[in-house]
Amino acid sequence: MAALSGVRWLTRGVVASRFPGAWRGLSTTAFAPAASKNQAADMRVEGAFPVTMLPGDGVGPELMHAVKEVFKAADVPVEFQEHHLSEVQNMASEEKLEQVLSSMKVNKVAIIGKIHTPMEYKGELTSYGMRLRRKLDLFANVVHVKSLPGYPTRHNNLDLVIIREQTEGEYSSLEHESAKGVIECLKIVTRSKSQRIAKFAFDYATKKGREKVTAVHKANIMKLGDGLFLQCCEEIAELYPKIKFETMIIDNCCMQLVQNPYQFDVLVMPNLYGNIIDNLAAGLVGGAGVVPGESYSAEYAVFETGARHPFAQAVGRNIANPTAMLLSASNMLRHLNLEYHSTVIADAVKKVIKVGKVRTRDMGGYSTTTDFIKSVISHLNPQHGG
């Protein structure tokens, strides 16, 4: 243990020197003081941690309601500052985006629902969700795919982590019609950002006691773009001799995840591959309703569901599964150093699933979202209050 601790502190020093702030994304961020008095909506409650909340679209508002109800029942010292940003509910504008950014820059921590991106082109290629991530430089998306005891799926006892670079790649919003009926989409890969996400993955593996990192790519076809990403991963891997490193082509990775997901530990990959693998892996343990996720920059941390899906067909029907969002909220509390509250909430959610009496429809049951929330609250430690 002493040796491992030494490695972790040594790694932390390396990260701080080459990528200042990158390690901070994995630990607690220093919080700025509250906003000025003219920002009354964003004033923090004395003794509570201010957190920016974006309910998002689809069942997002219902999931956020679940979080607020459980936090209230557990006496969690968090004050949510709610903002609404939506391209499909006519609640998206530069002004609203700036309000969210201002709140985030003060609070440093946010919990968000899926901001749905319409497929129609209306003169702007970059969605508000992408703009938010870029402006905050939320370069690392982390999705921890872990089986839930008491809920059997095709593969059980899974425990793997997907780390995705999410500020460039195929999602660079650089498209144009070069000739009639010919569209060119540019995929951007840079050395600095490839090194940064690779280093984040190895730092994560070191800090969490993980043994292996797999770089996922398509360098056999995209020899320059994915070739650069792969080269950067190989260079960073040399700095971490105690962590096993391997590479895998994206199509083979998809097959291997379905056939034998137990071979994986931490996977790191460019933007589009990560988006696909996040959803594929979520399906291995129960779907979009059960997997939490989070995104980090050097300064900010955003907590969300691991598989970003608005589940619009469930809006208003009281059938959405709040598991993923509640587990994300629990992870947020751990990030805030509210370990006790984090554990109490995560344990309550897992107890509900393990007992098996309350199952939402996506888990094969008939319980409502409200039923699930009430059951979680009933399983909270009666001594809660911190």
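At what angle do helix 3 and helix 4 pack, and how far apart are their axes? The analysis rests on a predicted model, in which local features require pLDDT of at least 70 and side-chain atom pairs count only at pLDDT 80 or more, whereas totals for chains, interfaces and linings use all residues. Residues are numbered from 1 along each chain as its sequence is written, and side-chain values use heavy atoms, with hydrogens and water left out.

Helix 3 (94–107) and helix 4 (residues 128–135) pack at an angle of about 40°, and their axes lie 11 Å apart. Helices (H or I, at least four residues) and strands (E, at least two) are DSSP runs numbered from the N terminus; axes are lines fitted to C-alpha atoms, for helices over the stretch in contact, and angles run from 0 to 180 degrees between N-to-C directions. Helix 3 is therefore oblique to helix 4, given that angles under 35 degrees count as roughly parallel, over 145 as roughly antiparallel, 65 to 115 as roughly perpendicular and the rest as oblique. Contact (heavy atoms within 4.5 Å) joins Glu94, Leu97, Val100 and Leu101 of helix 3 to Tyr128, Arg131, Leu132 and Lys135 of helix 4. By class, five of these residues are nonpolar, none polar and three charged; Ala, Val, Leu, Ile, Met, Phe, Trp, Tyr, Cys and Pro count as nonpolar, Asp, Glu, Lys and Arg as charged, and the others, Gly among them, as polar.

For helix 9 (residues 323–335) and helix 10 (residues 339–355), the axes come within 7 Å and cross at roughly 160°, which means that helix 9 is roughly antiparallel to helix 10. Their contact has seven nonpolar, six polar and three charged residues.

Three cavities of 30 Å³ or more were counted. A cavity is a set of points, on a 1 Å grid over the protein atoms alone, where a 1.4 Å probe fits but cannot get out, and lining residues have an atom within 4 Å of a point. Grid points are joined across faces, edges and corners, and a volume is the space filled by probe spheres set on the points. The largest cavity has a volume of about 60 Å³, and helix 5 (residues 191–207) gives the most to its lining, with three residues. This lining has five nonpolar, three polar and three charged residues.

The second largest cavity holds about 40 Å³ of space. Its lining comprises nine nonpolar, no polar and no charged residues, including Val100 and Leu132.

Key:
1 Å grid on protein atoms, 1.4 Å probe; cavity = no way out; pocket = protein on both sides within 12 Å on 5 of 7 lines; lining within 4 Å.
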